[in-house]
Amino acid sequence: MAAFHFCFDLNYFRLIPKQNFYTDPVWTWQRTCIVSVFLFCAGLGQAVAWQQGQGWRRFWRRWAQVAGCALLVTAGSYVMFPKSYIYFGVLHGIAVMLILTRLTAGWGRWLWPLGLVAIVLPQFVQHRFFEAPWINWTGLVTRKPVTEDYVPLLPWLGVMWWGMAAGQWVLRQRAGWMTGPLPDRLHPLAVLGRWSLSFYMLHQPVFIGLLSAWVWLTR
């Protein structure tokens with residue numbers, strides 16, 4: 001993700017040959033994989049929280065952090081891209097999907113077929129009605145809205161459902177995969193995992209600030 005965004009920033013400041021991050025499969029497929037990992041891991045995390053009996057009070061505290069950061073992303077993107085700012089990007093989507101995943105955590109194996117339905121439904125159900133700004137977050141659109149990041153409820157809820165289902169299966173059948181000791185060489189990754197939201201929110205301001213300084217000093 002950080003490498004992808006750094007390349008995006010290099011392109012924005014015209015420090016590399018011009019790239020099309022919106023239509024070129026080299027970049028769009030990377031984005032799809034990155035978002036898929038995001039949401040699958042979010043589902044895994046919710047499986048762990050459910051298994052540990054996390055209460056609603058703690059859930060809402062964490063949810064408020066995600067939702068608050070989503071609003072900050074909207075504000076920041078509006079400054080840089082006033083005509084294509086982010087109003088329902090990955091954090092906005094996660095905020096909504098976390099609630100739905102929490103409410104359906106007890107559905108067990110049904111999460112697998114439900115996830116499949118959520119993933120394939122936008123391929124068969126599309127209508128211009130859903131392209132209105134107040135409803136296009138559903139994902140049932142005939143064309144992507146003009147925005148820098150768009151992670152609608154469908155199909156992405158299906159990925160988070162699969163993450164939840166996979167996490168519940170692992171905790172039942174192979175608990176050691178998720179609860180066993182972590183090798184010392186992986187501890188830095190564990191730190192990033194514990195502070196993933198902070199890393200997500202800080203890496204782009206750092207990249208943009210450094211590149212802005214570089215452009216100012218060299219041009």
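Student: How do you know how confident the predictor is in the protein chain?

Tutor: Look at the mean pLDDT of the protein chain, which is 94, with 100% of its residues at 70 or more. pLDDT is the predictor's confidence in each residue, from 0 to 100. This is a predicted model, where local features need pLDDT of at least 70 and side-chain atom pairs count only at 80 or more, while totals for chains, interfaces and linings use all residues. Residues are numbered from 1 along each chain as its sequence is written, and side-chain values use heavy atoms, leaving out hydrogens and water.

Student: Which elements have the lowest and the highest mean pLDDT?

Tutor: Helix α7 (residues 176–179) has the lowest, 81, and helix α4 (residues 90–103) the highest, at 97. Helices here are DSSP runs of H or I with at least four residues, numbered from the N terminus.

Student: What makes a set of grid points a pocket?

Tutor: On a 1 Å grid over the protein atoms alone, with a 1.4 Å probe, a pocket is an open set with protein on both sides within 12 Å along at least five of seven lines; lining residues have an atom within 4 Å of a point. The largest pocket has a volume of about 1,900 Å³. Of its 41 lining residues, Cys41, Gly45, Gly193, Arg194 and Ser196 are the closest to its centre.

Student: Which element gives the most to the lining of the largest pocket?

Tutor: That is α2, with eleven residues. By class, this lining has 26 nonpolar, eleven polar and four charged residues.

Student: What lines the second largest pocket?

Tutor: This pocket, with a volume of about 1,400 Å³, is lined by 47 residues, and Arg31, Lys144, Glu148, Asp149 and Tyr150 lie nearest its centre. The largest share of this lining, seven residues, comes from α2. By class, there are 28 nonpolar, 13 polar and six charged residues.

Terms used: Helices (H or I, at least four residues) and strands (E, at least two) are DSSP runs, numbered from the N terminus. Grid points are joined across faces, edges and corners, and a volume is the space filled by probe spheres set on the points. Ala, Val, Leu, Ile, Met, Phe, Trp, Tyr, Cys and Pro count as nonpolar, Asp, Glu, Lys and Arg as charged, and the others, Gly among them, as polar.
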